[in-house]
Amino acid sequence: MMNLSQTLLGVTFQNPTVLASGIWGITAASWRRVAACGAGAVTTKSLWLKEHRGHANPVIISTEHWTLNAVGVPDAGIEKAREEIGDYNKNKPVPLIGNIIADTADNYGLIASEIVKLKPDVLEVNISCPNVEDEFGRPFACSGPDAAAVTKTVKAVSGKIPVFIKLSPNVENIGRIALACAEAGADGFTVINTVGPGMAIDLRSRMPILTNKVGGLSGPAIKPIAVKCIADVYRATGGSKPIIGTGGVMTGEDAIEMLLAGASLIGIGTGIAYRGEMIFKLVCDEMKAWGKSEGVKDMKELVGGMHRTLPNG
Ligand SMILES: Cc1cc2nc3c(=O)[nH]c(=O)nc-3n(C[C@H](O)[C@H](O)[C@H](O)COP(=O)(O)O)c2cc1C
């Protein structure tokens with residue numbers, strides 16, 4: 001049977017599936033439940049230093065092929081995070097990835113230093129939410145120098161905890177942004193956040209369906225964009241930084257495709273709504289079945305495989 005376990009940057013993952021940020025991952029109870037559904041790791045929703053209100057409903061619309069959301073990254077702030085992560089740490093079935101967000105580089109440093117005290121296994125830095133903008137009107141992930149400045153600030157306080165930067169697909173050259181973060185000390189990357197923004201219009205009211213008018217796209221339709229972005233980041237960093245490939249994963253074969261592009265871990269978010277909470281176990285079972293039919297003994301052999309088949313692709 002194909003081995004799915006691996007140790008990356010000192011953290012052991014029993015399988016590569018990871019609950020993506022913002023979907024279900026709000027309380028210790030929800031992280032434990034996702035672990036019981038077979039996830040190899042769980043990610044918190046994006047954590048702010050202070051309470052942050054999201055957008056008014058409706059904030060999400062789903063079709064067969066895509067989901068559009070503008071929840072507006074609501075969060076209760078650091079006190080609630082302390083409570084929930086503290087509870088999870090008492091009995092932790094799988095590694096916890098603490099995802100943080102802020103409005104300035106300095107505030108990224110502040111929230112990071114608070115979350116580091118709660119000892120997450122990995123720190124994930126959300127610089128890429130399409131609905132939260134910097135003072136120039138763009139997410140930090142849209143500029144190499146801005147992304148590097150956040151990375152540097154977080155790395156200054158993260159100690160031994162690996163720092164993964166969550167990148168946006170909505171940029172001209174994601175490889176160049178990844179390289180700027182890597183030079184600033186990033187240990188790994190999560191690729192990608194939602195695509196867009198996009199818009200959906202209600203035909204009767206002739207108004208955008210989302211209160212925020214626009215939202216980030218996720219689900220099956222974005223997988224080819226995610227695969228391309230993973231391949232670009234892998235190539236730009238010479239395969240030297242682990243990648244959590246995220247975006248539209250529904251099946252074990254989707255996960256294998258992301259491994260071949262260069263991912264070592266596989267984020268699953270919207271897929272929970274499409275295949276149910278057991279998607280984590282289903283994806284692992286499907287990966288093992290594929291490995292058996294292809295005679296692959298260890299998942300690690302597949303990571304970045306496309307680049308070896310097509311060195312200059
Ligand atoms: C409803 C919703 C809320 C999300 N909230 C967050 C968030 O708080 N922080 C974050 O980094 N990403 C957030 N995301 C992005 C996901 O973590 C993921 O990167 C994206 O949805 C692509 O993966 P998927 O197609 O498997 O959902 C959110 C996505 C959705 C659909």
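Start at Gly-198, which stands opposite Gly-215 in β14. The model you are looking at is predicted. Strand β14 covers residues 215-218 and is joined to β11 by two bridges. These two strands run antiparallel.

Now widen the view to the sheet. Strands in a sheet pair through backbone hydrogen bonds, either parallel or antiparallel. Here, four strands form an open sheet in the order β5-β6-β14-β11. The pairing is antiparallel. At the edges lie β5 (60-62) and β11 (195-198), and each pairs on one side only. On average, neighbouring strands of this sheet are turned by 25° against each other, direction ignored.

Next, find the ligand. There are 29 residues around the ligand. Ala-20, Gly-22, Ser-218, Gly-269 and Thr-270 come nearest. Which elements give two or more residues to this shell? They are β6 (67-69) and β16 (265-268). By class, the shell holds nine nonpolar, 18 polar and two charged residues.

Finally, turn to two helices. Helix α5 spans residues 174-183, and helix α6 spans residues 223-236. Their axes come within 8 Å and cross at roughly 45°. On the α5 side, the contact is made by Ile-174, Gly-175, Arg-176, Ala-178 and Leu-179. On the α6 side, Cys-229, Asp-232, Val-233, Arg-235 and Ala-236 take part. Sorted by class, this contact of α5 with α6 has six nonpolar, one polar and three charged residues.

Technical notes:
Residues are numbered from 1 along each chain as its sequence is written. This is a predicted model: local features need pLDDT of at least 70, side-chain atom pairs count only at pLDDT 80 or more; totals for chains, interfaces and linings use all residues. Axes are lines fitted to C-alpha atoms, for helices over the stretch in contact, and angles run from 0 to 180 degrees between N-to-C directions. Two residues are in contact if their C-beta atoms, placed from the backbone, lie within 7 Å. Ala, Val, Leu, Ile, Met, Phe, Trp, Tyr, Cys and Pro count as nonpolar, Asp, Glu, Lys and Arg as charged, and the others, Gly among them, as polar. A residue is near a molecule or strand if its C-beta atom, placed from the backbone, lies within 6 Å of it. Two strands pair if DSSP finds at least two bridges between them.
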